[in-house]
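Reader: I have a model open and want to learn how to read its features. Where do we begin?

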Amino acid sequence: MCAPERAAIESDEQAYLEPFAIQAFAALDAVRDLKGLDACRVELLGKSGIVTRLLKDAGTLTVAERPIRAALRNRLKEKVTAELEVLRARLEEAALTARLSAERLDISAPTRPEPAGMIHPISRTMEEIVAIFGAMGFALKEGPDIEDDWTNFGALNIPAHHPARAMMDTFYLNASIGNRPAVLRTHTSPVQIRTMLAWAKAQASGTEPAPIRIIVPGRTFRADHDATHSPMFHQTEGLVIGRDITLAHLKGCLIDFLRAFFNEPDLPVRFRASYFPFTEPSMEVDIGWSRKTGEIGQGSDWLEILGSGMVHPNVLANCGIDPRNFQGFAFGVGIERITMLKYGIPDLRLFYESDVRWLRHYGFSPLAQANLHEGI
Ligand code: DAH
């Protein structure tokens, strides 16, 4: 195509586009806010917008004219798009400025007196125990409140009709798990069984898993209710199993734990022979205190704190662990009891009354997490 011919088509197209361009820029001029801007964008560049239609129609032009006319239509589209962007930036800034001046904050206003929540002493003690044993490399583990009676008793070497079952005043549920009666767990010890069963299974499937080292806080249940007993209470279980775990490890761990928990680096600790069906030998652990003043670590009296022992070979065997190759220790501690001792809380029943005044007095700030960095 020769140049004059081309120029003729261009000026014809410009004349054709002019009213559309005037309409488009008039629409842009009329935009006052962001909502109007969106409507305008649809009107011009939407699916059947004015500019969009011009570009679509270019498809019907002759092959010779199409590139010349389409180029001009594209230029119009670019101008409109650029103008929309400029407008958007300007309107957004104006909207922000308006909002900032409308929403001025009075930073000198006093805070609203909202009562801060508090961490319950039971939770605090469990967190402290987990922090202390966590620092020794124990992993946190939990188990269900409802167990079958084999996991709660049988596997722990407490056979049917054993006095320990009566001793624990078990809540039997009107249900069974598999073909075993379901109970509310009377202690956290069944989590030992769950952990060892899973560990033995993993071992049987090939590679030997890392030794067991768990700390298990949780709820426990016994049909008991007086000033020092509640039908629902809390315990924390500990279990360590490996090829060469000895009584010396048990003593070292528990002495360290008790001294850290009670914040008494020289706290006297005594191991006293005792009996539990699931440990052999079994030991009760006592700490020094003064019966007269109630002070922990002072005086010449002893106070029973927790039960412990070397895991009974029958318990290992019940879980599929060969007692000739593996051994370890376990312990169980009552959370309410050591919490009352540590913080001088006199009555067990108040733990569960949800009296906000009591919680405000004995509770802990949620921001002060239990950790060993500043002592516990
Ligand atoms: N399960 C026992 C109880 O509830 C506490 C206990 C004693 C747990 C000795 C242990 C242990 O793991 O070795 O009275």
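Reader: Which residue in β4 does Asp-148 stand opposite?

Author: Asp-148 stands opposite Ala-182. Before going on, note that this is a predicted model: local features need pLDDT of at least 70, side-chain atom pairs count only at pLDDT 80 or more, and totals for chains, interfaces and linings use all residues. Residues are numbered from 1 along each chain as its sequence is written, and side-chain values use heavy atoms, with hydrogens and water left out.

Reader: How many bridges join β2 to β4?

Author: Two strands pair if DSSP finds at least two bridges between them. Strands are DSSP runs of E, at least two residues, and helices are runs of H or I, at least four, numbered from the N terminus. Here 3 bridges join β2 to β4 (residues 180-184), and the two run antiparallel.

Reader: What is the strand order of the sheet?

Author: The order is β2-β4-β3, in an open sheet of 3 strands with antiparallel pairing. β2 (146-148) and β3 (172-177) each have a single partner strand, so one side of each is left without a neighbour in the sheet.

Reader: Is Thr-186 buried or exposed?

Author: Buried means under 20% relative accessible area, exposed over 50%, and partly exposed in between (1.4 Å probe, protein chains only). Thr-186 has 0% relative accessibility, so it counts as buried. Thr-186 lies in the loop between β4 and α8 (190-204).

Reader: Which residues does Thr-186 touch?

Author: Contact means heavy atoms within 4.5 Å. Not counting residues up to four places away in sequence, Thr-186 touches several residues, including Asn-152, Phe-153, Met-168 and Phe-233.

Reader: How do I read aromatic pairs?

Author: Rings of Phe, Tyr and Trp (its six-membered ring) pair if their centres lie within 6.5 Å; planes under 30 degrees apart count as stacked, over 60 as edge-to-face and the rest as tilted. The count here comes to 13 aromatic pairs. Phe-133 and Phe-138 have ring centres 4.9 Å apart and planes at 65 degrees, so the pair is edge-to-face. Phe-133 also forms a tilted pair with Phe-257, at 5.0 Å centre to centre and 35 degrees between the planes. That pair links distant parts of the chain: Phe-133 is in helix α5 (residues 121-135) and Phe-257 in helix α9 (residues 247-261), 124 residues apart.

Reader: Which ring does the charged end of Lys-342 sit over?

Author: A charge sits over a ring if NZ of Lys or CZ of Arg is within 6 Å of the ring centre and within 35 degrees of the ring normal. Lys-342 sits over the ring of Phe-261, 4.3 Å from its centre.
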